[in-house]
Amino acid sequence: TVPPEIKLPAHEIALTALTQLKGEKLWQQGDIKTYQSRLTYIIREYLENRYEVPALESTTDEILRRLKKVDFDNQWKDKLRNILQVADLVKFAKAEPTADFHEKVGVEAESFVNNTQFIPVEEVTGVETKD
């Protein structure tokens, strides 16, 4: 028999990818476009896995509209919009944000994932459920 596939939680996948991206030091080496592209891919993949909204092939505005229909904490809407829109400018309009922006957006992406991750009810209440 084939063992069941173990699917990691969305936040673990995203945080692992963000840590790997940070370690590659792409923007520090001048590869800003690749850094921003990978960063937004990680965030979009996280949104798909966490909220089950199509995000990889959607525009920033489409993503934000779809998140209104799910249990998404609105306090993160503006930060998410900023992360995605600046990356769009870097990728498509050849914008060059300051070095401290890249550091800040990486931290914001991690904070976003950490603060929006799905926590099962039993972990929130501290009470185990019986099957």
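The structure is a predicted model, in which local features require pLDDT of at least 70 and side-chain atom pairs count only at pLDDT 80 or more, whereas totals for chains, interfaces and linings use all residues. Residues are numbered from 1 along each chain as its sequence is written, and side-chain values use heavy atoms, with hydrogens and water left out.

The secondary structure consists of six helices and zero strands, and the order along the sequence is α-α-α-α-α-α. Helices (H or I, at least four residues) and strands (E, at least two) are DSSP runs, numbered from the N terminus. Along the principal axes, the C-alpha atoms of the chain fill a box of roughly 55 × 35 × 30 Å. Of the 131 residues in the chain, 35% are buried; buried denotes under 20% relative accessible area, exposed over 50%, and partly exposed in between (1.4 Å probe, protein chains only). Contact is defined as heavy atoms within 4.5 Å. Among contacts between residues at least 6 apart in sequence, 60% join residues at least 24 apart.

Two packed helices are described by the angle between their axes and the distance between the axes. Axes are lines fitted to C-alpha atoms, for helices over the stretch in contact, and angles run from 0 to 180 degrees between N-to-C directions. Angles under 35 degrees count as roughly parallel, over 145 as roughly antiparallel, 65 to 115 as roughly perpendicular, and the rest as oblique. The axes of α1 and α2 come within 9 Å and cross at roughly 175°; α1 and α2 are therefore roughly antiparallel to each other. The residues in this contact include Ala 14, Leu 18 and Leu 21 of α1 and Leu 39, Ile 42 and Tyr 46 of α2. By class, the contact of α1 with α2 has 10 nonpolar, two polar and four charged residues. Here Ala, Val, Leu, Ile, Met, Phe, Trp, Tyr, Cys and Pro count as nonpolar, Asp, Glu, Lys and Arg as charged, and the others, Gly among them, as polar.

Helix α2 (residues 32-51) also packs with helix α4 (residues 77-92), at an angle of about 140° and with the axes 9 Å apart. This angle makes α2 oblique to α4. Among the residues that meet are Leu 39, Ile 43 and Leu 47 in α2 and Leu 80, Ile 83 and Leu 84 in α4. The residues of the contact of α2 with α4 comprise nine nonpolar, three polar and four charged.

A nonpolar core is a set of buried Ala, Val, Leu, Ile, Met, Phe, Trp, Tyr and Cys residues joined through side-chain atoms within 4.5 Å. The largest such core holds 33 residues, of which Leu 39, Ile 43, Leu 47, Leu 67, Leu 80, Phe 112 and Val 113 touch the most other members. Two or more residues are given to this core by each of α1, α2, α3 (60-67), α4 and α5, and the largest share, eight residues, comes from α2. Leu 39 touches Leu 18, Leu 21, Ile 83, Val 105 and Ala 109, not counting residues up to four places away in sequence.

Lys 25 lies in the loop between α1 (10-24) and α2 and is partly exposed, with a relative accessible area of 45%. Lys 94 is found in the loop between α4 and α5 (99-116) and counts as exposed at 64% relative accessibility.
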